[in-house]
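Visitor: I would like to go through this structure with you. Could we begin with a term that will be needed later?

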Amino acid sequence: MTAEVYGQHKVRRARYAVGAVFAVHGAVTGSFATRVPWIQDHAGVSPGQLGLALAFPAIGASLAMPLAGRVSHRFGARTALRGLIALWTLALVLPSIAPNLLTLCLVLFVYGATAGVSDVAMNALGVEVENRLERSIMSGLHGMWSVGALVGSAAGTLAAHLGTDARLHHALAAGVLTVAGVAAAGHVLDLQPAEDEEPPPRFALPPRSALLIGAIGFCAVFAEGASLDWSAVYLRDRLDASPGLAAACTTGFTLTMAIARLAGDRVVDRYGAVRTVRTSGVVAVTGGLLIILAPHPATAMAGFALMGLGIAVVVPLCFAAAGRSGTHPSLAIAGVATITYTSGLIAPSAIGLLAQATSLMVSFVLVTVLSCGLAGLAGVLRSGDRVKVIRPDAAVPGPRP
């Protein structure tokens with residue numbers, strides 16, 4: 001085997017390894033999301049208080065993300081990812097043991113911080129693998145995240161249907177996912193900084209070129225966060241669905257996102273980013289209308305599934321477009337990340353607070369209106385390049401993988 005062939009084999013193996021890490025990361029999120037109603041009841045919080053608490057994961061992630069680059073710089077990418085993914089999987093046990101609003105907010109802050117730093121590390125490694133393969137793989141990696149979320153939410157659906165205590169469910173899931181995550185991270189690229197390389201900057205302000213692109217990402221992430229965290233509560237509280245059926249709605253949402261992301265690279269290569277996002281916006285709005293007008297759980301579940309299908313590939317395309325905009329792609333990508341994480345920060349709490357003041361149906365009217373922005377703003381993603389290989393200095397990740 002020649003050195004070149006061996007090198008390509010090593011990169012392909014690293015691609016599968018980082019894909020497995022993405023799946024583990026998603027499985028933690030899916031495991032948590034399906035048990036949000038149980039956690040709400042256990043902590044004794046109202047919808048508005050739950051919305052407040054659900055803002056803390058995004059706060060923790062936004063504050064902790066800049067640390068990931070420095071951790072990777074100090075320990076090397078592989079060692080850093082192994083430690084960070086273990087912290088994230090173990091943090092799954094925290095929300096279900098919170099007895100009240102204060103402790104729930106605190107543990108969700110920690111939960112989000114570990115999510116953010118591990119998210120940065122795995123996305124940076126994914127971009128590096130994409131660079132070395134010289135073809136797009138990021139949509140597929142995000143698809144693996146959705147597959148993991150699907151598996152986690154399916155297990156959560158079963159646990160909810162059986163009436164299993166979420167503390168036991170999450171303890172078992174955390175143990176399994178920690179072993180899987182650390183094992184997979186052991187096979188990613190072992191990137192080491194040069195001796196004279198400066199640590200990465202802590203923050204990057206959004207440049208002007210990133211604002212419209214970020215606006216599309218904002219709309220998609222708002223819909224994703226609202227659907228992922230509130231779909232089960234919506235079915236339970238508005239449509240009187242059983243705990244198992246409510247949890248299954250979250251599973252359907254993650255299923256359609258997974259399918260769309262896994263197929264995303266081929267679809268974009270064939271139809272282009274603008275046409276793909278415009279069509280996606282129409283699908284997402286259709287799903288939102290079904291959710292709002294649903295007379296029974298099955299209709300709402302179909303609406304959430306269409307919502308997942310419509311928003312799935314938008315964020316990866318936003319980051320690809322940011323990498324092609326302006327003279328400093330790393331700053332543009334960081335700017336889009338800032339805007340989309342802001343959306344993830346405000347979406348769960350905004351839904352809860354609006355539901356407290358009006359109703360959950362009105363909250364999803366807002367989600368549907370924002371989904372219209374996907375079709376309306378899709379033109380800003382237009383570029384002459386079909387595929388963009390992002391430079392290593394542009395390895396700044398976006399939200400739900």
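This is a predicted model: local features need pLDDT of at least 70, side-chain atom pairs count only at pLDDT 80 or more; totals for chains, interfaces and linings use all residues.

Visitor: What volume does the second largest cavity have, then?

Guide: The volume of the second largest cavity is about 40 Å³.

Visitor: Which residues line the second largest cavity?

Guide: The lining consists of Trp145, Ser146, Ala149, Glu224, Leu228, Phe253, Thr254 and Met257. Helix H7 (138-161), helix H9 (211-239) and helix H10 (243-271) are the elements that give two or more residues to this lining.

Visitor: And how do the lining residues divide into nonpolar, polar and charged?

Guide: Five residues of the lining are nonpolar, two are polar and one is charged. Glu224, one of the lining residues, counts as charged because Asp, Glu, Lys and Arg belong to that class.

Visitor: What does the side chain of Glu224 meet in a salt bridge?

Guide: The side chain of Glu224 meets that of Arg261, with an N to O distance of 3.8 Å. Glu224 belongs to helix H9 and Arg261 to helix H10, so this pair ties together parts that are 37 residues apart in sequence.

Visitor: Is Glu224 buried or exposed?

Guide: Glu224 is buried, at a relative accessible area of 3%.

Visitor: Which residues are linked with Asp41 in a network of salt bridges?

Guide: Arg236 and Asp237 are linked with Asp41 in that network. Asp41 itself is exposed, with a relative accessible area of 55%; the label applies because exposed means over 50%.

Visitor: What about Asp165, which residue does its side chain meet in a salt bridge?

Guide: The side chain of Asp165 meets that of Arg167, with 2.7 Å from N to O. Asp165 is partly exposed, with a relative accessible area of 27%, and Arg167 counts as partly exposed at 38% relative accessibility.

Visitor: Changing topic: how many aromatic pairs does the structure hold?

Guide: The structure holds six aromatic pairs. In one of them, the ring centres of Phe304 and Phe364 are 5.4 Å apart and the planes stand at 90°, so the pair is edge-to-face.

Visitor: Where do Phe304 and Phe364 lie?

Guide: Phe304 lies in helix H12 (residues 297-311) and Phe364 in helix H15 (residues 360-376), so the pair ties together parts that are 60 residues apart in sequence. Both Phe304 and Phe364 are buried.

Visitor: Which residues do ring pairs link into a cluster?

Guide: The cluster is made of Phe32, Trp88 and Tyr111.

Visitor: Let us turn to the backbone. What is the phi of Asp240?

Guide: Asp240 has a positive phi of about 55°, although it is not a glycine. Asp240 is located in the loop between H9 and H10 and is exposed, with a relative accessible area of 68%.

Visitor: How far apart are the C-alpha atoms of Leu255 and Gly143?

Guide: Their C-alpha atoms are separated by 9.9 Å, while the two residues are 112 residues apart along the chain. Leu255 is in helix H10 and counts as partly exposed at 36% relative accessibility.

Visitor: And Ala173 and Leu90, how far apart are they in space?

Guide: Ala173 and Leu90 are 9.0 Å apart, C-alpha to C-alpha, and 83 residues apart in sequence. Ala173 lies in helix H8 (residues 166-185); at 15% relative accessibility, Ala173 counts as buried.

Visitor: Finally, the whole chain: how many helices and strands does the protein chain have?

Guide: The protein chain has 15 helices and zero strands. Of its 401 residues, 56% count as buried.

Notes: Residues are numbered from 1 along each chain as its sequence is written. Side-chain values use heavy atoms; hydrogens and water are left out. Helices (H or I, at least four residues) and strands (E, at least two) are DSSP runs, numbered from the N terminus. Buried means under 20% relative accessible area, exposed over 50%, partly exposed in between (1.4 Å probe, protein chains only). On a 1 Å grid over the protein atoms alone, a cavity is a set of points where a 1.4 Å probe fits but cannot get out, and a pocket is an open set with protein on both sides within 12 Å along at least five of seven lines; lining residues have an atom within 4 Å of a point. Grid points are joined across faces, edges and corners, and a volume is the space filled by probe spheres set on the points. Rings of Phe, Tyr and Trp (its six-membered ring) pair if their centres lie within 6.5 Å; planes under 30 degrees apart count as stacked, over 60 as edge-to-face and the rest as tilted. A salt bridge is a side-chain nitrogen of Lys or Arg within 4 Å of a carboxyl oxygen of Asp or Glu.
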